Amino acid sequence: MSTQTYNILLVEDNAVDARVITEALTKGGGGAFALQRAERLSEALEKLRTQAIDLVLLDFMLPDSEGMATFTAVRKAAPNVPIVALTGVSDESTAIEAVRQGAQDFLVKGQVQPKTLHRAVHYAIERHKVQTAQLKQAHGGKKGKVIGVIGARGGVGATTVALNVATALAKKHKDVIAAELTGAYSAFYDHFFYKKSRAALSDLGALIKLEPEKITACEVERCLVKLPSGLGLLLGPQRVEDFAELDPDKTDALTRVLAGLGSYVVLDLQSHAAAAGQVAAKQCDFVVVVIDRTPACVVAGKVTADLLQNLGVIPVRIGVAIVNRQPLPISVDVAEVLNTMGCQLVGVVPTATDACAEAQRVGAPMVTSDPQGSASGALIEIADRLAAEQVIGK
Amino acid sequence: MEAPDRTGQETSAVDAAAIERLREIGDGDVAFLKDVFSAYETDTAERLVTLRQTLAAGDTTGLKRAAHTIKGSCLNVGASSMAASSLQLEQLAGAGKLDGAAELITRIEQEFKRVVVELKRHAQG
């Protein structure tokens with residue numbers, strides 16, 4: 001038996017059904033299920049938006065929705081969460097239609113037994129995992145963890161955070177990739193290669209000229225620049241003639257391919273992400289919003305977190321990294337930052353002007369050029385936290 | 001107690017098998033059984049009021065929903081005859097009709113009284 005606790009959302013307006021199902025699921029479940037209930041569709045959608053739910057037990061007849069419309073709305077809001085339909089004896093046909101459209105199973109209320117319920121829920125979760133894995137395989141094999149890094153606004157140091165986190169990850173894991181999702185001007189280039197000729201390096205410029213279906217693992221791999229640390233870099237276009245607005249469909253294809261190539265993929269996303277960046281953010285397992293502690297930047301961070309949530313990135317998959325590039329005249333304290341932004345803290349990077357200058361001079365991230373420094377320590381901790389299961393989920 | 005035991009004289013309002021199922025789910029926990037019965041009684045009493053209100057207002061959608069909920073609750077506690085009447089009402093209202101709804105509601109109300117009495121007996125035994 002697995003020791004994992006599954007977070008189950010019971011969507012059921014009938015108090016008696018809810019009481020019986022809760023008892024049947026929790027009794028003898030050995031603590032395998034944590035159950036919460038929503039009585040209305042709107043309440044269920046809100047919970048799905050804000051929490052990591054493993055399975056939905058769904059009654060179709062709710063005060064604010066009924067029949068297949070209920071199923072369709074939940075499916076649309078949480079396409080990756082398995083659904084088991086709860087049905088009455090007289091409306092099995094709707095449940096069968098739901099199974100046809102992707103529900104994992106259905107249970108007839110009033111006949112539910114603890115054993116059948118436990119089995120149905122376990123099977124539904126496991127079957128869903130297998131199906132998802134098969135689907136991923138069909139779309140290009142394994143999937144690494146995709147971490148998005150986005151500045152609340154320009155100049156806060158998001159690229160620096162992305163590169164340092166990726167480098168720290170590359171020291172401990174194989175196949176780490178940092179990709180710069182910009183159609184114009186490579187900031188990665190500035191960090192690593194400013195002494196080299198721009199023409200000497202391959203970049204996104206060639207990839208974004210291809211049609212989405214032509215953006216294959218082979219093509220992307222050819223554009224990666226491998227660093228001695230093992231980190232693979234995908235640079236934004238460097239030559240002015242290659243500058244172009246990123247196409248959302250191409251970005252979507254590119255992000256999927258990257259997820260198949262790397263065990264960890266760190267995406268440097270543009271602040272105030274436009275359509276292409278939004279598509280990429282949706283595919284992230286976790287998104288780090290980088291801010292400094294000026295009041296205006298904290299507000300910008302809140303806007304960024306809201307944008308991500310509107311895109312469907314749930315709050316538990318969003319974190320904030322606070323960067324103190326220089327001492328500030330007005331500075332918001334950490335508790336207030338978290339309170340305003342409504343997301344978890346992944347790290348605070350202290351001011352390190354000298355280490356930054358040194359990193360620039362040698363053309364290497366701080367975690368390499370000054371591994372013992374306090375800023376490097378904070379960045380390595382962020383990388384470790386992001387790699388840990390409890391942050392990025394299952 | 002003033003109500004004599006009428007078992008055997010007329011059909012039971014509650015199926016013993018359904019109560020047995022609840023006992024199994026609760027694994028012998030009497031508090032659970034009482035909990036379910038109390039949720040049934042409170043919730044259904046409220047919905048019965050809704051039946052009358054929606055009927056008076058000619059609100060067939062509201063009537064259908066309330067009848068549906070009563071039916072679901074009844075099936076949990078094995079009140080199959082009352083569930084059948086509720087299903088009839090649900091289907092009637094679902095078809096947008098109200099003819100005969102008042103009589104059905106009266107029957108459901110009477111059945112509810114019997115169900116509650118029997119559930120109380122089950123909770124003690």
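A: Let us begin with strand pairing. Two strands pair if DSSP finds at least two bridges between them. Here β11(A) and strand β12 (residues 318-323) of chain A pair in the parallel sense over five bridges. Helices (H or I, at least four residues) and strands (E, at least two) are DSSP runs, numbered from the N terminus. This is a predicted model, in which local features need pLDDT of at least 70 and side-chain atom pairs count only at pLDDT 80 or more, while totals for chains, interfaces and linings use all residues. Residues are numbered from 1 along each chain as its sequence is written, and chains are lettered from A and ligands numbered from 1 in the order in which they are written.

Q: Which residue is the bridge partner of A:Ile291 in β12(A)?

A: The partner is A:Ile322. β11(A) is also joined to strand β6 (residues 145-151) of chain A, by five bridges and in parallel. In that pairing A:Ile150 stands opposite A:Val289.

Q: How many of the residues of strand β11 of chain A are buried?

A: A residue is buried if 20 or more other C-beta atoms lie within 10 Å of its own, exposed if 12 or fewer, and partly exposed in between, with C-beta atoms placed from the backbone. In β11(A), residues 286-291, six of six are buried. Both faces are covered: one side carries A:Phe286, A:Val288 and A:Val290, and the other A:Val287, A:Val289 and A:Ile291.

Q: What handedness does the unit of β11(A), helix α12 and β12(A) have?

A: A crossover is right-handed if, with the strands pointing away from the viewer, the path from the first strand over the helix to the second runs clockwise. The β-α-β unit made by β11(A), helix α12 (residues 295-310) of chain A and β12(A) is right-handed.

Q: At what angle do the axes of α12(A) and helix α13 of chain A cross?

A: Two packed helices are described by the angle between their axes and the distance between the axes. Axes are lines fitted to C-alpha atoms, for helices over the stretch in contact, and angles run from 0 to 180 degrees between N-to-C directions. The axes of α12(A) and α13(A), residues 334-341, cross at roughly 35° and come within 9 Å. Residues are in contact if their C-beta atoms, placed from the backbone, lie within 7 Å. α12(A) contributes A:Val298, A:Gly301, A:Lys302 and A:Ala305 to this contact, and α13(A) contributes A:Val337, A:Thr340 and A:Met341.

Q: How many residues of chain B are in contact with chain A?

A: Contact between chains is counted by residues on each side. Here 17 residues of chain B touch 15 residues of chain A. On the side of chain B, the elements giving two or more residues are α2 (30-57) and α3 (60-77). The largest share, seven residues, comes from α3(B).

Q: What is the secondary structure of chain B, and how many helices and strands are in chain A?

A: Chain B has five helices and zero strands, whereas chain A has 17 helices and 13 strands. Buried residues make up 38% of the 125 residues in chain B and 47% of the 394 residues of chain A.

Q: Why does A:Tyr185 count as partly exposed?

A: A:Tyr185 is partly exposed because 13 other C-beta atoms lie within 10 Å. A:Asp175 is partly exposed because the corresponding number is 16.

Key
Contact = placed C-beta atoms within 7 Å.
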